[in-house]
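Hi,

Here is the model I promised to pass on.

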Amino acid sequence: MNSIRIRHIAAVTRNFLLAAWALFALFPIFWMVLITFKSDIEVFSTTFIFSPTLANYHAVLFRTNYFKSFFDNIIVSTGAVLVSVAAGVPAAYALARYDFKKKEDLAFTILSFKFAPEILVILPLFMIYQKLGIFDTYFGLIWVYQLITMPLLVWVVRGYFEDISVEIEQAAKLDGYTWYEVFWRILLPLIKPGLVSSALLAFIFAWNNFTFPLLLTSFNVETVTVASLKYIASDTVHYGQMAVAASVAALPEVVLALIIQKHLVRGLSFGAVKG
Amino acid sequence: MENSTEKPTAAQKRAGAAESELIAKATRIPWLVKARPYLIMAPCLLITIGILYPFVSAIFYSLTNYSFRNPTWKFIGIENWVYMFTDVEFWHAVFVTLQYAAITTGAEMLLGIGIALLLSKNNAFTKILKVVLIFPLMIAPVIATLIWQLMTNTSVGIFEKFLNIFGVYGFTWAASAKTALFTAALIDIWVYAPFVIVLVSAGIQSLPKSPFEAARVDGGSAWFTFKTLTLPMLKPFIYIALIFRLMASLQEFTIIFALTKGGPGNTLMNLSITGYNYGFAFLKFGQSLSYVLILWVIINFISRKLVGKYLLTQRQAAGKEK
Amino acid sequence: MAHISLKNITKRYDKVAALDNVSLEVNDKEFLVLFGPAGAGKTTTLKMIAGLEFPDEGLIRIKDEIVNVVPPANRNVSMVFENYALYPHLSVYDNIASPMRSSLYKESEEYIKEAVHRVTKIMKIDQLLDRLPSQLSNGQRQRVALGRCLVRKPNVFLMDEPLAHLDAKLRHFMRAELKEMQASFNTTTIYVTHDYMEALSLGDRIAIINHGKIVQIGTGSELFYTPADEFVARLMGEPEINLIDGAVSEERGKWNLRLLGRKEPVTLPGDIAERLAEKNVSDVHVGVRGNDIEYSLEPKGDGWFKGSVYVLEPIGNRSILTVIVEGVKIRIIAPNDFKSEMDQDIYINFHIADAIFFEQATGKFIVRHKQEELLREESKCLN
């Protein structure tokens, strides 16, 4: 066999394998969205050909607390990200520019939060939160969500600050700008893309979290992820509605991911890999 | 003063002292400048300490018989720990934890690297795929579990209909101890393999072109290039993916909980689920902490080893060490 | 416009002294060049004056005021960085306008517009005002950086190797432009470089710095003709000065010099002899520049040294001839049309009257013939 044939076969094999994986990865999403449009009866009887209906959407979105869960999720995730940005961006700057005792120890402590077992944190917090009266509150969740959002923001934004050469800040100081003006006029515009994409990625991870809201909230605050649990546990035959719950919860992240594509690698690897 | 043999007058002395005080004032670095890094870090530091507090109290409470059932508690020393280490269920949980982590991480690494390599050819197909293959990673794992439960449902699931074609009926998926691990791992892989793909793809893209061009000129085969060039240079990226996935899968809670809550029986009872049970089902708070603390020790130990190796591979890839 | 004074400045990084007891006085409106090899402490010195770092010991004064810990924004100092440090997200116009938009040095927008156009016209970049730094060539970026520095009226201009990253031709061009602008600056300027031609061309005075210490400060002539030590002598001049081992001794009232281990001595002129006697030295390095050596392909006489041609490098309007004599490489300037072959026999003679004498043990300058006269004449030429 000559090399052209080999290359041809290799290309075909490669495309076949990729297509197989793509099918595996994307079909479930596609199928789930499909089901949201099927009536309860057709869920059993049909596979791909059916008459679409919006009844499931109506049932879930308007006749249950789903919207409230959705908004709870928005509040908690946004709140967590905002707190992490407010505290994390200055911290990232300090880690990038200054040298002080125990600097790397502190940085790694922050990073280690990501690896900590959720249950290890939740058990004591369950008790502590009840004592402090912040069990089942937005504040309580936003605080514990820092475990997810803070390390990402600090480490990724630190990398972006390190990419800005010190001389640019020095030039700004010599131009007569106070540290405050230097930060807003020079530094922030330069890290904006990185900051936005890490904030969005942190938002996605906060949104997707299940364990914290499951165990640290009950009636007042209920995120979409916990709400969807109701559908898994039940013996309901409203599979279409289950699918709606899943789709509405999952699809915003997919859209967000498309927006932050370019900086995704840096965020996912916490700044270790510059995509 | 100058070479005068007279002693300085009182006025001269005062002037000298005033001058040196002026100089001292003008050369002292203001405390605000010295304190600046700490001031900037203060909010983050506060939050960090707030987050660390539960860890510390976990150690403390693991030495008590604190229960959510009754309000009184006392120190019982290492009683909880002794119980745990002599409990057969504990060792089973350790086994499940390690087993789950090994299977999911191993599969994700192999698949992830393989697919990243397949994606390294740049054409329209791979470009679209690189964007679209991220989606499973962006979906909340609990939702992913929901989707897979739907898909594997024996009444309406698409998998059932698919397997029927091959004459397989009633595959037990999460319902049987034999297939539960497989099912959970499948969901884990579905969600997290894209993570490895993204990281390794970025690594492949960042590889310098010149060594490969040199290898082509020198006439190296594809396998040779892969073994001696690609793989060593990709090691840092592979290690990052490995560390992240291993640490996460060792403490996986969501997928297992949403799927079977640890069952059937105790097939999927890893340390996280076991800790949850003791704490929220049996309400034995003090006891539950020992399980998750051991998990923390395991994770710490493995991560230290791996991070060390990772830093080594970084230096190797840069050619600073053999 | 200001007098800058550095007294006993020491700056340490991790126990290593980047600046070691440095003292420097820069006169008002003077153009001082800070010259030395990489890592000598030139940039650190600039950072001290600009306030980007604070000294560990010593006093810095700008216009007689101690500014050791005054923040950089308040010192009214303007600087060009080696890597330009342009704001990547701002256009050329906004980059140059930047110093005039800060709260400390604020000017009206009309003033800014006029100033930016004036400066960019001089720099010949007025057609690039809307571009971003990423869309400019290196030479254009350098001129934007210079423009941003010159658009103000500060106490002092600090320039950190601004021509370092330009290709040779552009560097020569910009050097000439800078020299022309220098006259109209009317501001104290401290200019850092490791290129000795820039140093000689641009500086009123040159300060040589090495390993964090000031080695010598003086005019170009002073440094060239009376270098404080061998290090300075080797820095100045192309090709590098030849340093030859010599033994000095007194015999019958006369002072004799034996070069390269040769037995026959050369008699030393009176003033050299006097200084050598004062210093009580016997081992010297004799520094002879490439154009103070005679050479001939034919044997010329007893005083001449016999050697062989090592290499002949034509460098444009002249050639550098390297010759090996008694195992030592000697560099000589030869005219463009000189022809020779490798390993060919050649005879050379040193002009001792033009040589510089250094103490072999310390490398420090001792004397040269007719030292005072030479300096007086040179300064007369410059004026």
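First, the conventions. This is a predicted model, where local features need pLDDT of at least 70, side-chain atom pairs count only at pLDDT 80 or more, and totals for chains, interfaces and linings use all residues. Residues are numbered from 1 along each chain as its sequence is written, while chains are lettered from A and ligands numbered from 1 in the order in which they are written.

On to the contacts (C-beta atoms, placed from the backbone, within 7 Å). Between chains A and B, 71 residues of chain A and 67 residues of chain B take part. On the chain A side, helix α1 (residues 3-36) gives the most, with twelve residues; helices here are DSSP runs of H or I with at least four residues, strands are E runs of at least two, and both are numbered from the N terminus. That side of chain A splits into 56 nonpolar, twelve polar and three charged residues. Nonpolar covers Ala, Val, Leu, Ile, Met, Phe, Trp, Tyr, Cys and Pro, charged covers Asp, Glu, Lys and Arg, and the others, Gly among them, are polar. Between chains B and C, six residues of chain B touch five residues of chain C.

Chain A has 13 helices and zero strands. Its radius of gyration, taken over C-alpha atoms, is 24 Å, whereas a compact globule of 275 residues would have one near 19 Å (the rule is 2.2 Å times the number of residues to the power 0.38). An automatic or database assignment divides chain A into domain 1 (3-36) and domain 2 (64-268). The C-alpha centres of these two domains lie 34 Å apart, and their contact takes four residues from domain 1 and six residues from domain 2.

Now for chain C. An open sheet of six strands runs β6-β7-β8-β3-β9-β10 with mixed pairing, where strands pair if DSSP finds at least two bridges between them. β6 (77-80) and β10 (213-218) of chain C each have a single partner strand, so one side of each is left without a neighbour in the sheet. Further in, β3 (residues 31-35) and β9 (residues 205-210) of chain C pair in the parallel sense over four bridges, and C:V33 has C:I206 as its bridge partner in β9(C).

Over to you!

Conventions:
Contact = placed C-beta atoms within 7 Å.
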